[in-house]
Amino acid sequence: MPKKPKVAIYWLGACAGCDESIVDLNEAILPLTEVIDIVLWPIAIDFKYEEIRSMQDREIALCILSGSVRNSDHQEMAELLRKKSQTVLAFGSCACFGGSPGLANFTTKEDIFNWVYRDAPTVVNPNGSYPQTKTDIDSKILTLPEFFENVFTLDEFIDVDYYLPGCPPPPDLISNAINSVLSGDLPPKGSALTPRKAICDTCPRNKNKPTHMDIKKYIRIHTVDADPDTCFLAQGIICLGPATRTGCGESCIRVNVPCRGCFGPVPSVVGSGPKFLSTLTSLLLVEKDEDIEDAIDSIDDPAGYLYRFTQPYSILGKRSHKIDMED
Amino acid sequence: MVAFEPKVVCFSCNFGWGFLCDKDDLSKSIKYWIPEICSGKIDSRHIFQAFRAGADGVLILGCPEGHCHYQDGNYQTMKKVYLMQKVMKAFGIEPERLSMNMSRDPEGKNIPSLIQEMKERLIKLGPIKKM
């Protein structure tokens with residue numbers, strides 16, 4: 001019997017939502033296990049890291065990595081799995097763009113530690129202890145991974161072959177991605193395995209979109225009873241569909257929640273933040289110049305909203321190398 | 001110690017600024033000058049990328065209100081600049097590093113002095129933080 005290709009599924013700085021989405025393949029996962037061998041999947045099956053270390057280089061056919069890189073343990077595992085795998089798929093918005101944990105980059109490591117270990121009202125820490133990478137207890141050295149200064153995308157540390165964004169990626173795209181890797185029917189390296197259009201192109205509300213939108217001020221979704229058929233932007237509700245890549249099946253929009261931008265930028269756009277910014281301001285119609293500030297101030301926490309999933313990947317972010325756009 | 005010399009990238013609208021001057025001549029005295037067809041054409045991405053590339057400040061020169069050749073490009077930019085300043089603040093970049101001037105100068109004589117004024121303001125702020 002020929003050997004089945006090996007697949008590893010691993011989480012770095014992630015919430016496990018991406019793994020849940022793989023579980024959501026439901027019965028489709030059963031025929032998949034007939035043709036592949038899962039060699040690592042911490043959320044579902046117990047495997048030892050030593051087994052991975054003892055494997056030959058490039059022995060794993062596909063490694064699905066979710067989560068951002070925030071500490072030295074994430075880095076070590078990402079590098080190990082890169083070495084042992086032929087193809088690495090950056091899985092989910094955190095691995096692709098930094099995701100919502102990336103919003104931590106708006107503050108510093110020092111502030112985060114001070115809040116978590118000293119200032120938060122529920123903290124009891126009379127000795128003022130902070131986590132250390134090495135602690136000597138009775139001449140035994142205990143170690144912890146080093147917490148990095150910033151949140152990083154996966155491709156800051158390792159070479160990534162393909163990207164599958166989404167928070168989490170939907171099951172249909174997951175099974176497409178796994179099948180295309182196994183069959184070898186793949187686009188050029190570095191591509192995202194999703195459709196190339198923007199959400200607005202596939203949005204069910206697009207047909208009800210007015211040709212001209214004159215928004216006086218932006219409102220937040222929880223403060224109104226949004227009409228379930230009208231374009232969110234036409235109602236003055238911030239929706240990031242115009243510059244976000246489609247493929248999610250418009251799952252948020254179908255339950256009357258505007259797009260939050262988890263699929264990242266459309267191809268040929270570098271960083272979605274500036275595009276969102278231009279969209280929102282150009283749709284705003286303000287009669288008098290002195291009202292511009294008030295109208296724009298109606299967008300609460302603009303940086304957090306426009307960079308909700310892409311802060312570490314953004315132009316002004318802490319990315320060490322150039323952002324390449326997909327053509 | 002070498003004195004801090006701020007780098008200012010200047011985007012200007014072709015319809016309001018310097019369209020009567022000899023651009024080759026004027027650009028000798030302005031180091032990072034990017035004339036655009038309209039201030040509304042200046043992409044927010046280009047402004048952020050200027051900061052990423054090491055600019056200490058970005059100056060946008062647009063037409064006076066109601067004088068845009070394309071109806072409202074300058075007005076669109078005005079809104080965009082205000083929101084960009086708010087976003088920059090969250091990234092730890094002082095909003096004053098992005099400035100817009102809405103006026104008109106066909107000869108472009110004032111451009112070097114406006115840049116100089118901006119540089120003086122930037123000297124007080126110091127160099128941009130490392131990205």
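Two residues are in contact here if their C-beta atoms, placed from the backbone, lie within 7 Å. This is a predicted model, in which local features need pLDDT of at least 70 and side-chain atom pairs count only at pLDDT 80 or more, while totals for chains, interfaces and linings use all residues. Residues are numbered from 1 along each chain as its sequence is written, and chains are lettered from A and ligands numbered from 1 in the order in which they are written.

**View 1. The secondary structure of chain B.** Chain B has 4 helices and 4 strands; helices (H or I, at least four residues) and strands (E, at least two) are DSSP runs, numbered from the N terminus.

**View 2. The overall dimensions and packing of chain B.** The C-alpha trace spans about 40 × 30 × 20 Å along its principal axes. For 131 residues, a compact globule would have a radius of gyration near 14 Å, and the 14 Å of chain B agrees (taken over C-alpha atoms; the globule rule is 2.2 Å times the number of residues to the power 0.38). Of these 131 residues, 44% count as buried, with 20 or more other C-beta atoms within 10 Å of their own. Among contacts in chain B with a separation of 6 or more, 73% come from residues 24 or more positions apart.

**View 3. The side of chain B that touches chain A.** Here 21 residues of chain B are in contact with 18 residues of chain A. Helix 2 (44-52) and helix 3 (73-90) of chain B each supply at least two residues of this side, and helix 3 gives the largest share, 10 residues.

Key: Buried ≥ 20, exposed ≤ 12 C-beta atoms within 10 Å, placed from the backbone.
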